[in-house]
Structure formats: C-alpha cells, structure tokens
Amino acid sequence: MSNTWTIASWNVNSIKVRQEQLAAWLAEQKIDVVALQETKVEDSKFPHEIWQDLGYTPHFFGQKTYNGVALLSKYELTNIETHILDFPDTQARTISGVLNDTLIVNLYVPNGSTRGSDKFIYKLKFLDSLQRYLAAQLKQYSKVVVLGDFNIAPRDEDVHDPIVWQDSVLTCPEVRTRLEDILNIGFIDCFQSLNKQEVIYSWWDYRQAAFRRNMGLRIDLILASTSLFESCGDIYIDKEPRKNERPSDHTPVVAEFSFS
C-alpha cells in the first residue's frame, strides 16, 4: 500500500448503462475506492467480474430501477453496513465500510421533488438522521469521509444561476442549514476548502444543452472529518466522463488522502 490513497464519488445513473464507461475511467485513473450512486439494480444482478478484473472488490446495496449505492475497493473494507440511519427505510441509499482506521460513508441523498411534498419531508428526515449517525460515528472514528450525491448545492457559488435555482429543493434554506449542521459537528467540504479558484460543477441537466452551456450545480460532495482533512492533498472534479456518449448527468469527484 502506498503512502496515499484516492477515493472517488460518481452518480452513474444506472450501472448497467454506464458500466463500460466506469470501467474505462477506472482503467485510466488511480482510484483506490469508488463510491457509486444510483446503480439502479437489484443485488442479485449487480455486475461482479468486470470490477474484479480491474482489481476491485464490490460491496453494494441496491433495488430494482431506483436508487442503489456501491463501494468498489482495491483494499479490504471491513464493517460493511447498509442500514445506517435511525428510521425504517426500504430505499437503498446508504452503504458504509472501514478502510484501515477510516470510516467511509457513501450516500445518495433524496432529491426531495418539491418543497412541502412528502418526498421533501423525507429528505429532511434523512438529513436529520444522517447528522445524528455521523455525530455518533465521530465518537468512534476520528477519520471519517462522507461522500456521494447530496442533492444539495452548498452555496450560491455552486449554482450556475442562483436566481433560477432560488429556493429549489437543492438550494433552499432547509437543506442548506442541515448540511451546515453536519459540517458543524466536525466535517469539512474538501472541494470548497481546497479549491479557491474556478467554480466547477458536478451535475448538468440533460436538457437545454446544459453541459455545453455549463449550466450546472455542485451537488456531489466529499466531506472529511477534521483530522482526515489534514491529510487531504488534492481534490478535483473530472468533467471528461460527462463528454461521453450517453453519459451520466453527474461526473466524478476525486480526493487524495495520505496515510498516517
């Protein structure tokens, strides 16, 4: 094992449709652990061999057609858990595992549909439960990385047009406040803290030529606990996969950490 390790988050928007794109990207990149969201496949149908051929062991939690999360790792992950929140939930949105002394938490946070809807209430409940879970984990692990599709743009600077997106389910005060609550218990938004220059988005709608016009949002995040952030040497958003034919509407976010 080298002195550094890399972790990536990518909402692939269907592992079946995007598995060849993902495999090609992983073959070119130095990624040790990749957290996937919206795999959209039942566990019995999750592909195995393609990742094993690339040196990854897959861990996954899925359901038919919707949601689904997975962790592909070149190193052994222990303590794999899928039901981490403190309320009954049948949706496949969370998976966690431990690499050495670091807890990795992969999330597909609900979109929320429209403010005031049942789906929006569920999103707030999810985020409240997540905050409680992470607060408890920080008592056990000093090094925690939380990553995935948060379906929250943290600041107006993370939105191509804050007026157009004002008070949407991705930017409204209710969700931003809850993200701040998570940060305030001991986490740092790695990209926001390390990238002080150009704003780069991680998601672009399929409509209105949004990618070509760079009408995007940064909603795919990598949060590190304070002690883990100290070892974060780099983080970047790789826009190249969004240029593929039939791409996901999201693109990967990659962070590099050093082992102590």
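**Ser202**

I located Ser202 in the loop between helix H5 (190–194) and strand S10 (203–204). Helices (H or I, at least four residues) and strands (E, at least two) are DSSP runs, numbered from the N terminus. I worked on a predicted model, in which local features need pLDDT of at least 70, side-chain atom pairs count only at pLDDT 80 or more, and totals for chains, interfaces and linings use all residues. Residues are numbered from 1 along each chain as its sequence is written, and side-chain values use heavy atoms, with hydrogens and water left out.

I looked up the accessibility of Ser202: at 0% relative accessibility, Ser202 counts as buried. Buried means under 20% relative accessible area, exposed over 50%, and partly exposed in between (1.4 Å probe, protein chains only).

I then listed the contacts of Ser202, leaving out residues up to four places away in sequence; among them are Leu217, Ile219, Asp249, His250 and Val253. Contact means heavy atoms within 4.5 Å. From Ser202 to Val98 I noted 26 Å in space, C-alpha to C-alpha, and 104 residues in sequence.

**Helices H3 and H4**

I checked the axes of helix H3 (residues 118–137) and helix H4 (residues 173–184), which come within 9 Å and cross at roughly 10°. That makes H3 roughly parallel to H4. Axes are lines fitted to C-alpha atoms, for helices over the stretch in contact, with angles from 0 to 180 degrees between N-to-C directions. Angles under 35 degrees count as roughly parallel, over 145 as roughly antiparallel, 65 to 115 as roughly perpendicular and the rest as oblique.

On the H3 side I recorded residues including Phe120, Leu127 and Leu134, which belong to the set meeting H4 residues such as Val175, Arg178 and Ile182.

**Nonpolar cores**

I took a nonpolar core as a set of buried Ala, Val, Leu, Ile, Met, Phe, Trp, Tyr and Cys residues joined through side-chain atoms within 4.5 Å. The largest has 36 residues, of which Val105, Tyr133, Leu134, Val146, Phe150, Phe187 and Leu223 touch the most other members. H3 gives the most to this core, with 8 residues.

A second, separate core of 28 residues includes Trp5, Cys190, Ala224 and Phe257.

**Whole chain**

I counted 6 helices and 14 strands in the protein chain. Of its 260 residues, 55% count as buried. The C-alpha trace spans about 45 × 45 × 40 Å along its principal axes.
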